[in-house]
Amino acid sequence: MKLLSGNEAIARGAHEAGVKVAVAYPGTPSTEILETIIRHYPEIYAEWAANEKVAVEVGIGACLAGARTLVAMKHVGVNVAADPLLTLTYTGVNAGFVLVSADDPGMHSSQNEQDNRFYARFAQIPLLEPADSQEAKDFTKAAFEISETFDTPVLLRTTTRVSHSKSLVKEEEPVIPPTKEYRKDFGKYAVLPAHARVLHEKVEKRREELREYAETSPLNRIEWGDKRIGFITSGIAYQYVKELFPWASVLKLGLSYPLPLKLIRQFAQEVQKVIVVEELEPFLEEQILAAGIKVRGKELVPRTGELSPARLAWGLSRDEDLVRLAEEYGTRLDFPQGEEKLPVRPPVLCPGCPHRGVFYVLKKMKLVVTGDIGCYTLGGLPPLGAMDTCICMGASIGMAHGLVKADPELGGRTVAVIGDSTFFHTGLPALASLVYNRGAAVVIILDNRTTAMTGHQDHPGTGRTAKGEETPALDAAEVARVLGARYVEVVDPYDLRAVHRAVEQALHSSPAVVVARRPCVLLTRPSPRPLPYREEVCRGCGLCLELGCPALALKDRSRRKIVIDPLLCVGCGLCAQVCPFGALEGGVHGN
């Protein structure tokens, strides 16, 4: 037995299932799946894809070639991958294909908390929801068996609490899956309209077969207890139900699409009251009600935010009959809703982050800034407050283009900011479209030589593969020139004057691209020593504090004297460049 996180257990499950190819794009909370495969299971070919759509397409090719294939991403990544996924459901697979969607209820590190169980229903593919690390491993193996038995991709959906929490896992020997060679089948794998019409009929037939399978699948089980109350639940919500009501009857759904309606009806008939407990949307509840089975659900269970035992108890405490029954077993449901709230810690760019200088300049220039997904999203928070929008990966460039097209007066003062990994993810077609359509927005690529936000994974611009092998590196500036940008300049974001000059020049030369290039400060420390500070020279103007650097703080609020934290300061010198009195000196570029 080993103590594994859900992500580590999925990687172990892939190993035990005989997976040969694993592809992913990093995104919290899914990232550690591929990282674990790379670290511990070298027999599996693993790679980071440029984005999630490409990851699925690589996976499709691999499974058609006969390799069991795992593809992993976070929930919003499935939106990017939806195009090939929703047609893969028509063609089916050769060897098993499993897509892991790691959802993020509560939005710990995401822009929305969409419930990707709906993708299984949308694509008409089976959905598996593990509730702990053991199930994460076992369900991964089961998913490959289901995939090959029913000739379908399978969606394995986890949530942050399953992905990152740890529990004991029993390891087993890997299996050797049956050999599946590539075979040409034009009618199956080429979705011309005439073929697709036939394949859609097969999808519907397969869905009915999967529904019958779900009725007796060992992934679904009833745990009988007090029959005065029954809970239907899945995923991590099962753990919360068992923690609060270990004495109740529970129908646990591991294979939660298609729903085993006969099993659910049998369960509902044998208990006096049924409550559906699920995180986020009423995915199970609505299907069960549509089948004419009386249940309660979202009128008691919160629909937004991450679920927890306390939040669940608060919601269910509104059912007086359940409260009285719980009291018989000594279970109290009087958790105050706000009791679990912790003090808020505002996120902030790291000390010495190369993005800080760019945002400082953009704020001083009073530009309209469309932003993107990454560490640099923090440039929209005070005191920098230099970013106006943030929608999804790659959206910044298209949005800047749209702003200027709708209001040409914004042409001289609109810029899009995008990270290097995100530029290669979905920024390339957006820049091509901007140039092609005679756009006038400026694009600033914040090139810190890594995918910093998810833990420094490589991408097509770093010159290294997922396994650390050397590979050709795409140069963002050269790519921008090839795509037709009229003006392209590479600047050091620690040089504020250079950044200001380059952006100003770009605004007069659009379509233009400025590449602000310097490695992430967590990978390369700019200076071994903190910046020297002469307090006697400081006039207390506070301009240095406008950078929002965590290494700077007010020492004396009345005199507005500052103090430098020597443990945080990396000597980048940005504060020295904004200090008009020379109280701060030196750094990479000095005054």
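These notebook entries record what I looked up on the domains and cavities of this structure.

**Basis.** I worked from a predicted model, in which local features need pLDDT of at least 70 and side-chain atom pairs count only at pLDDT 80 or more, while totals for chains, interfaces and linings use all residues. Residues are numbered from 1 along each chain as its sequence is written, and side-chain values use heavy atoms, with hydrogens and water left out.

**Domains.** I looked up the domain assignment, whose bounds come from an automatic or database source. The protein chain is given domain 1 (2-215), domain 2 (220-329), domain 3 (354-524) and domain 4 (526-590).

**Domain 1 against domain 2.** I found their centres, taken over C-alpha atoms, to be 27 Å apart. Domain 1 gives 32 residues to the contact and domain 2 gives 30 residues, where contact means heavy atoms within 4.5 Å. I noted a buried area of about 2,600 Å² between domain 1 and domain 2, with 54% of it on carbon and sulfur atoms; this is the accessible area (1.4 Å probe) that two parts lose on being put together, summed over both.

I counted 5 salt bridges between domain 1 and domain 2, each a side-chain nitrogen of Lys or Arg within 4 Å of a carboxyl oxygen of Asp or Glu. I also looked up the salt bridge of lysine 252 with glutamate 135, in which the closest N and O atoms are 3.0 Å apart.

**Cavities.** I searched the whole structure and found 3 cavities of 30 Å³ or more. On a 1 Å grid over the protein atoms alone, a cavity is a set of points where a 1.4 Å probe fits but cannot get out, and lining residues have an atom within 4 Å of a point. Points are joined across faces, edges and corners, and a volume is the space filled by probe spheres set on them.

The largest cavity holds about 110 Å³. Of its 16 lining residues, Gly352, Cys549, Cys569, Cys572 and Cys575 lie nearest the centre.

The second largest cavity has about 90 Å³. It is lined by 16 residues, with Cys538, Cys541, Gly542, Cys544 and Cys579 nearest its centre.

Technical notes
On a 1 Å grid over the protein atoms alone, a cavity is a set of points where a 1.4 Å probe fits but cannot get out, and a pocket is an open set with protein on both sides within 12 Å along at least five of seven lines; lining residues have an atom within 4 Å of a point.
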